[in-house]
Amino acid sequence: MLIPVAEVKINPGRRTANPEHIQELAKSIAEIGLLNPITVDHRNVLIAGLHRLEAAKLLDWPEIECTVSSLEGLQAELAEIDENFIRSDLSPIEYGNLLLRRKSIYESLYPESRNGGDRKSEKIRNAKCVSDSTKSFVADTAEKLGVNPSTVRRQIQTAAGLKTRIRIAAAHRAAFQQRLSPTTEINFAP
């Protein structure tokens, strides 16, 4: 199905496209065509294919081939995150943020997949667990990424710890800047 390029909406907060990758992709698309359509929801919100969309814009295409998905809301965002995981140019911070967001979404969609609760009572030990049919976040993510579950657990711990350290560093920086006089200028760049 063709859709006008101008009608494709991009969610705020989405990763920015890499200009070099867009240039390379535009060159390839100009030579051999668009091999994989973009994916949008029924409101034309982009789920997958930001670089392909930007390459089409660079080529001044009025329309682009797309697949319309029935996914919406958190399901669509989860699909978008999974699409981004296969990209090789994610920074460790971007990867960690996506992993933490994926965990949050997955556990919102499948609350029964979370650990915890009453696991000791006779009633619970003998009952069929609702989550028996739902994979845990770690198991689902490990399968999608093709890694060991222990790798996902370690990456989640690292991302959560890094996020905390970044917040602390930002708070220290803000406090330090408040103590400076308004005319003092400090460059925090490495």
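Student: What should I know about the model before I start?
Tutor: The model is predicted, so local features need pLDDT of at least 70 and side-chain atom pairs count only at pLDDT 80 or more, while totals for chains, interfaces and linings use all residues. Residues are numbered from 1 along each chain as its sequence is written, and side-chain values use heavy atoms, with hydrogens and water left out.

Student: How many helices and strands does the protein have?
Tutor: The protein has seven helices and four strands. Helices (H or I, at least four residues) and strands (E, at least two) are DSSP runs, numbered from the N terminus.

Student: And which pattern do they follow along the sequence?
Tutor: The pattern is β-α-β-β-α-β-α-α-α-α-α.

Student: What share of the residues is buried?
Tutor: Of the 190 residues, 30% are buried. Buried means under 20% relative accessible area, exposed over 50%, and partly exposed in between (1.4 Å probe, protein chains only).

Student: What share of the contacts joins residues at least 24 apart?
Tutor: Among contacts between residues at least 6 apart in sequence, the share is 72%. A contact means heavy atoms within 4.5 Å.

Student: Let us turn to helix 3. What is its span?
Tutor: Helix 3 (residues 73-85) has 13 residues and reaches 19 Å from its first C-alpha to its last, close to the 18 Å expected at 1.5 Å a residue. The expected span is 1.5 Å times one less than the number of residues.

Student: Which of its residues are buried, and what do they pack against?
Tutor: Ala76, Leu78, Glu80, Ile81, Asp82, Asn84 and Phe85 are the buried residues of helix 3. They pack against strand 3 (46-48), helix 4 (92-109) and helix 6 (137-145).

Student: At what angle do helix 3 and helix 4 pack?
Tutor: The angle is about 150°, and the axes are 10 Å apart. Axes are lines fitted to C-alpha atoms, for helices over the stretch in contact, and angles run from 0 to 180 degrees between N-to-C directions. Helix 3 and helix 4 are therefore roughly antiparallel. Angles under 35 degrees count as roughly parallel, over 145 as roughly antiparallel, 65 to 115 as roughly perpendicular and the rest as oblique.

Student: Is that crossing left-handed or right-handed?
Tutor: The crossing of helix 3 and helix 4 is left-handed. A crossing is left-handed if the near helix is turned anticlockwise from the far one by less than a right angle, and right-handed if clockwise.

Student: What about helix 4 and helix 6?
Tutor: Their axes come within 10 Å and cross at roughly 130°, which means that helix 4 is oblique to helix 6. This crossing is right-handed. The residues that meet include Arg102 and Tyr106 in helix 4 and Asp140 in helix 6.

Student: Is aspartate 140 buried or exposed, and what does it touch?
Tutor: With a relative accessible area of 8%, aspartate 140 is buried. Not counting residues up to four places away in sequence, aspartate 140 touches Arg102, Tyr106 and Lys135.

Student: New topic. Where is asparagine 44, and what is its phi?
Tutor: Asparagine 44 is in the loop between strand 2 (38-40) and strand 3. Its phi is positive, about 70°, although asparagine 44 is not a glycine. Asparagine 44 counts as buried, at 17% relative accessibility.

Student: And aspartate 60: buried or exposed?
Tutor: Aspartate 60 counts as exposed, at 66% relative accessibility. This residue lies in the loop between helix 2 (50-58) and strand 4 (63-68), and its phi is also positive, near 60°.
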